[in-house]
Amino acid sequence: MGTWPEFYKYMAKFDPLYIFEKEAKDQMRMVLNSLGAEEDLLLPGLKLHQHSDYAFVCFATAGPLGMKPQELAEKLVAGIGDNPLFEKIENVGPYVNFYIDRKELALRTMEMVTRTKDRYGSFDMEGQPPKVILEHTSANPTGPLHVGRARNPIIGDTMARILRKRGYDLDVQFYVDDMGKQLVILTWGHENITGLDVESDRADHKFVKYYQEANRLMEEDTSINEEINKLISIYEEDGDAEISKKVRKNCEDILDGMLAPMRRLDVHYDSFAWESKYVRDGSVKQVIDKLRASEFTGEDEGALFLDLSHEQLNKAGRENKLFLTRSDGTSLYTTRDIGYHLEKLANSNIAINVLGEDHKLKAWAVNACLQILEKGSVDISSCDSDPVEILFYAFVSLPEGKMSTRKGHVVYMDDLIEEAVSRALDEVEKKRPELPDEIKHGIAEIVGVGAIRYNIIRVQAEKQMTFKWEEAMNFEGNSAPFIQYSHARASSILRKTTPPENFDPGLLVHDSELDLIKTLAKFPSLIFKCADDRTPHIIASYAYELASLFNQFYRDCPVLSAEEDIMGSRLNLVKCSKMVLQNALNTLGIVAPEEM
RNA sequence: GGGCGCGUAGCCUAGCCAGGAUAUGGCGCUAGCCUUCUAAGCUAGAAGCCAGGGGUUCGAAUCCCCUCGCGUCCGCCA
């Protein structure tokens, strides 16, 4: 990123708060230096804080300087003196508090929002941006996506939007598992089972029934079991072009069906990686040969395994072998995944996967193998040395227990979306009966779908969730419709008058106005941090906070009835708020409606 | 049995990585606010041994150790 002043100029271009933070730090550094502090003592406590805009906590620094914390705080305040960027800099006991000059902040923030519009909160990388491959969803193409799986695409797609705003060159990939047994089983079912009630225009819904029935038949009839197993090995060896073609066709159809609810949720993929490719092109065989030659693997009746009892791999557990091939030498899922990831690493600077917590061991093994293949040794001491970065999420369960297609304990995404949109439509009918039907349906779709995305993304990925209809359908309080409603309110004001080009931000002096501006200012630095920390759920909190502050402003500060100068300033604040609400919602993949 | 993750008011949840000043919001509950830019909104109130116990520290929801509870994995399945 270059030298410090260059970085400063870079950040100041995108983040209106940056100059204030830098100035506070520079001032602190200057005074601390004059007091004889070492460089590493300077800034342990300088951060955003509830009691002021920036606060420096003096405890850690005072001791080594031979001062009492409060004494240091007083010296700092005296040494810094007045500063045009800050309204006031004062100490409260051992704390030094910086209060940003609100007029200065309003000016800079509103200027930046007005100028950059939908790019506010987006960063450009300097030079060639790093290439990131983000893999998400990658669900087995056997049937419709259910709610238990829904966390993956929503976390993935939101993360993708954040990384794009951060400026990365992003490729979002869906890894299609077309080598597994399930596809062959389901293809056999489709060819051989008749009389099944499968009316549906969606391949995923149709095929899941053949899949379930074929599984049942396999269990009760050994001859069918054998027949299908034979088919599986023919397919794996690509021994019959006709069979391969059929399986691929079914896979594509199911995949297309599965992605229908994703399209409705505005979840996007840039490319699809087909598992079979890595078997057919020989890369999996190369992986196997190379791993077989390494000191980290062993063989058990011809089956290759990763030896987890090896001192560098010491991963405890009852079973210390993680198998990489079958006895007949054919590959297993994990091994093919390594082939895929080798290609990924070759084509990217950063590879990120979104995975359920059940994949932890496998993901760990893939990373270990990638290290073995790359450098012949393994470092499992920290995730930082992992070639592939993983975002894990905990499962969504139903109140009655785990979601299971087999037991019928499932809520499909399609049903969830249908229900959400239908409930949203009820609300629109109640609240806006005068609107034409077409508009009502449009709003219901936006609101229902938004509510689902929001309720899934708002919770930290690694926390377990229990799916409850009442919560998923929440249209008030901490929910997408709450935020959308604020946006609609802002739009409604702006439909009535156009904000003047020239206005005085200094007229915005009400606490509600100032709090709102401060929150508008935080958006870019938040995107930056959420991108680097991989924490998409924080954007949900932010959007809610912003909407809430806009609603308070809406209550406290009449816009259209205000005196002309003030109206001009407020109209511009509404315009900026609308813009940032829209950008925040867009980051969450949620549509910002003009009315609702 | 072992690995990994989670545990914050009746319910859901932020903060935890980089320890500091009265622990963030929502749902629900109680009491209010629509002749005024959309009340899917706003205001006020009650409600917390931050799972439990030790430790480190001037200071711990946050760091370390132990215990308990929940989830998940430990297939020549994917």
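Guide: Let's start with E191, which is partly exposed, at a relative accessible area of 45%. Here buried means under 20% relative accessible area, exposed over 50%, and partly exposed in between, with a 1.4 Å probe and protein chains only. Bear in mind that this is a predicted model, where local features need pLDDT of at least 70, side-chain atom pairs count only at pLDDT 80 or more, and totals for chains, interfaces and linings use all residues. Residues are numbered from 1 along each chain as its sequence is written, chains are lettered from A and ligands numbered from 1 in the order in which they are written, and side-chain values use heavy atoms, leaving out hydrogens and water.

Now for the partner: K246 forms a salt bridge with E191, and their closest N and O atoms are 3.1 Å apart. The two sit in distant parts of the chain, 55 residues apart, with K246 in helix α10 (residues 241-264) and E191 in helix α7 (residues 181-192). A salt bridge here is a side-chain nitrogen of Lys or Arg within 4 Å of a carboxyl oxygen of Asp or Glu, and helices are DSSP runs (H or I, at least four residues), numbered from the N terminus. K246 is partly exposed too, at 33%.

For contrast, take E275 and R336, a salt bridge with closest N and O atoms 2.8 Å apart. E275 lies in helix α11 (residues 275-280) and R336 in helix α13 (residues 333-346), so this pair ties together parts 61 residues apart in sequence. Both E275 and R336 are buried. A search of the whole structure finds 45 salt bridges.
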